[in-house]
Amino acid sequence: MSETTMEVNTEARRILAVSISKLYSARTQRGGLRLHRSLLISMIMRSARDIYHSARESEGPSGAQPTPEEPMDAGAEEPAPPGPQPEPQPAPNSSEPFADEPDATEDEGDCEITEDKENLSPARQSRKRRGKASAAPDFLPSKRARLEPGEERHAAPPGSCRVVPWESLVALSLNRVIPAF
Amino acid sequence: MAGPGGDMQWCFSQVKGAIDDDVAEADIISTVEFNHTGELLATGDKGGRVVIFQQEIENKNQPQFRSEYNVYSTFQSHEPEFDYLKSLEIEEKINKIRWLPQKNAAQFLLSTNDKTIKLWKISERDKRPEGYNLKEDDGRYKDPNTITSLRVPVLIPMDLMVEASPRRVFANAHTYHINSISVNSDNETYLSADDLRINLWHLEITDRSFNIVDIKPANMEELTEVITAAEFHPHQCNTFVYSSSKGTIRLCDMRASALCDKHSKLFEEPEDPSNRSFFSEIISSISDVKFSHNGRYMMTRDYLSMKIWDLNMENRPVETYQVHEYLRSKLCSLYENDCIFDKFECCWNGNDSVVMTGSYNNFFRMFDRGHRRDVTLEASRENSKPMQVLKPRKVCAGGKRKKDEISVDSLDFNKKILHTAWHPQDNIIAVATTNNLYIFQDKVN
């Protein structure tokens with residue numbers, strides 16, 4: 001990969017990670033999901049996804065297709081937390097450290113981002129196990145589900161599907177965010 | 001009004017609110033609004049309270065009069081609620097306050113949170129009745145057998161009491177979050193706007209409203225823009241505008257049809273390709289729209305700029321003012337810390353010659369339209385000695401920083417001025433920092 005393409009890739013994936021975590025943390029916000037804000041975040045995610053794709057295409061067929069087994073340490077990218085912030089404390093709504101977020105990726109038994117189960121239309125529900133078991137994409141926060149009081153954490157059965165390939169993840173988030181309103 | 005904008009010297013007048021740095025979330029000011037005479041100044045906060053200040057004028061006839069705003073009334077407008085059907089909490093934060101023009105001794109204002117609008121009556125009581133025949137003075141009923149004569153009750157003076165009472169509650173009309181309310185010039189109707197719909201209400205009727213704009217797509221996956229602000233024209237009772245997250249403004253005429261989905265005018269400026277960036281779509285979202293007092297222009301605020309539009313020209317604004325262009329290269333960081341979602345408001349002065357808006361680091365900006373001058377000022381406790389003149393501030397975008405300049409990286413993005421208001425007649429401004437309200441006055445005035 002060329003240097004610039006790699007940078008663009010890294011940047012696009014980082015922005016995607018930040019956006020996804022913003023969407024997740026917005027769900028626990030007082031007052032509920034804000035349509036305007038969710039729309040803007042999903043627009044950013046779309047652009048980041050497009051940039052990532054066009055950057056990969058521009059490097060030609062020599063670049064590996066993004067298979068789940070591809071070592072996800074390209075560019076020595078750190079998993080998730082947003083890049084160093086020169087500005088002081090983020091505003092109240094910003095993505096909190098991921099310990100606060102209720103949703104897991106790795107512990108999801110059926111590999112879905114289950115956002116709004118009640119409001120999913122039948123066409124949306126896809127319980128297919130996706131892809132091959134793989135390590136979590138490096139841009140996703142490594143975190144675990146927040147437990148309700150009294151709940152116990154169960155070990156994920158070995159060999160269970162870990163996480164979807166990240167493009168499907170993005171697509172899933174984009175397709176779910178707005179219709180959930 | 002004395003003097004063009006550039007000659008104005010702004011002085012500190014007052015600051016309201018707690019001094020300590022530890023800001024209670026409920027105290028965060030969420031809206032500021034002068035009434036039509038400027039005598040009253042209302043603020044709403046995140047805790048659902050409304051505080052009204054009243055102007056007490058010393059020596060108004062003198063050329064350099066000093067006006068002071070003191071607390072007139074405080075009341076809890078909205079409480080937190082829970083929508084059981086959707087399992088959602090409804091915040092009590094006051095999104096907007098709009099005053100009604102005064103018709104009698106009492107004052108009326110509309111205040112709204114995300115879902116419910118309320119009409120409040122604020123009235124003064126400075127007399128109380130005494131000498132009832134059937135009741136004691138403390139309200140207990142007398143034993144009728146003890147009454148031997150009749151007398152006429154009299155009104156006797158008492159200490160001024162200001163009472164706020166909710167007269168109307170306009171609820172259950174908005175699925176999405178209300179972002180604007182605007183009273184019509186007919187003084188009978190008003191509009192409320194949420195992300196996808198605008199409703200028209202009659203001030204007397206609470207159990208129904210008319211939907212006049214609906215941009216909800218049949219398939220929500222196709223949603224590309226939302227309504228961000230709406231306002232009635234100051235004189236034409238049939239005209240209103242609404243702005244969108246795509247940077248467009250639509251002017252609608254209610255005479256054309258009941259449902260104003262088709263705009264009469266669409267104001268949109270073609271995007272400057274040289275400014276195109278990854279975030280340019282979202283920074284074009286308009287956060288506020290305000291008509292000029294004379295009704296000929298309207299002003300819009302997006303993340304980096306303010307634009308003034310002539311209502312007769314749709315294809316581009318007549319004036320554009322950069323508020324903090326030095327932030328354009330920082331958009332990625334501002335996205336990460338959520339500042340890019342901040343919704344700044346803007347306002348006109350009384351004669352539409354100067355416009356004002358807020359920025360970060362507790363800076364606020366004024367643009368003198370006629371003299372093409374602008375100034376950056378700061379609301380801070382350090383500059384709050386009585387009548388202290390505010391020194392213009394300057395942000396150094398890059399290169400060598402001069403003395404007294406502040407570099408972009410030193411700006412405090414937690415200190416933001418989102419809400420400002422200008423007295424309708426005089427050069428008095430109210431500027432809200434996170435939890436303090438600053439009142440500044442032009443020295444000459």
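This is a predicted model: local features need pLDDT of at least 70, side-chain atom pairs count only at pLDDT 80 or more; totals for chains, interfaces and linings use all residues.

Colleague: How many aromatic pairs does the structure hold over all chains?

Modeller: The count is 21. Take B:Phe170 and B:Trp201: their ring centres are 5.2 Å apart and the planes meet at 70°, so this pair is edge-to-face.

Colleague: Where in the chain do those two sit?

Modeller: In distant parts of chain B, 31 residues apart. B:Phe170 belongs to strand β11 (residues 154–170), and B:Trp201 to strand β14 (residues 197–202).

Colleague: And is B:Trp201 buried or exposed?

Modeller: Buried, because its relative accessibility is 2% and the cut-off for buried is under 20%. B:Phe170 is at 0%, so it counts as buried too.

Colleague: What about B:Phe232 and B:Phe240?

Modeller: Their planes are at 75° with the centres 6.0 Å apart, so that pair is edge-to-face. B:Phe232 has 2% relative accessibility and counts as buried. B:Phe240 is buried at 0%.

Colleague: Which residues form an aromatic cluster?

Modeller: B:Phe12, B:Phe364, B:Tyr438 and B:Phe440 make up one.

Colleague: Switching to charges. Which ring does the charged end of A:Lys22 sit over?

Modeller: The ring of B:Tyr335, at 5.2 Å from its centre. In chain B, the charged end of B:Arg369 sits over the ring of B:Tyr297, 4.8 Å from the centre.

Colleague: Last one: helix α2 of chain A. Is it mostly covered or mostly uncovered?

Modeller: Mostly covered, with 17 of its 24 residues buried. Helix α2 of chain A runs over residues 35–58 and reaches 34 Å from first C-alpha to last, close to the 34 Å expected.

Key. Residues are numbered from 1 along each chain as its sequence is written. Chains are lettered from A and ligands numbered from 1 in the order in which they are written. Side-chain values use heavy atoms; hydrogens and water are left out. Helices (H or I, at least four residues) and strands (E, at least two) are DSSP runs, numbered from the N terminus. The expected span of a helix is 1.5 Å times one less than its number of residues. Buried means under 20% relative accessible area, exposed over 50%, partly exposed in between (1.4 Å probe, protein chains only). Rings of Phe, Tyr and Trp (its six-membered ring) pair if their centres lie within 6.5 Å; planes under 30 degrees apart count as stacked, over 60 as edge-to-face and the rest as tilted. A charge sits over a ring if NZ of Lys or CZ of Arg is within 6 Å of the ring centre and within 35 degrees of the ring normal.
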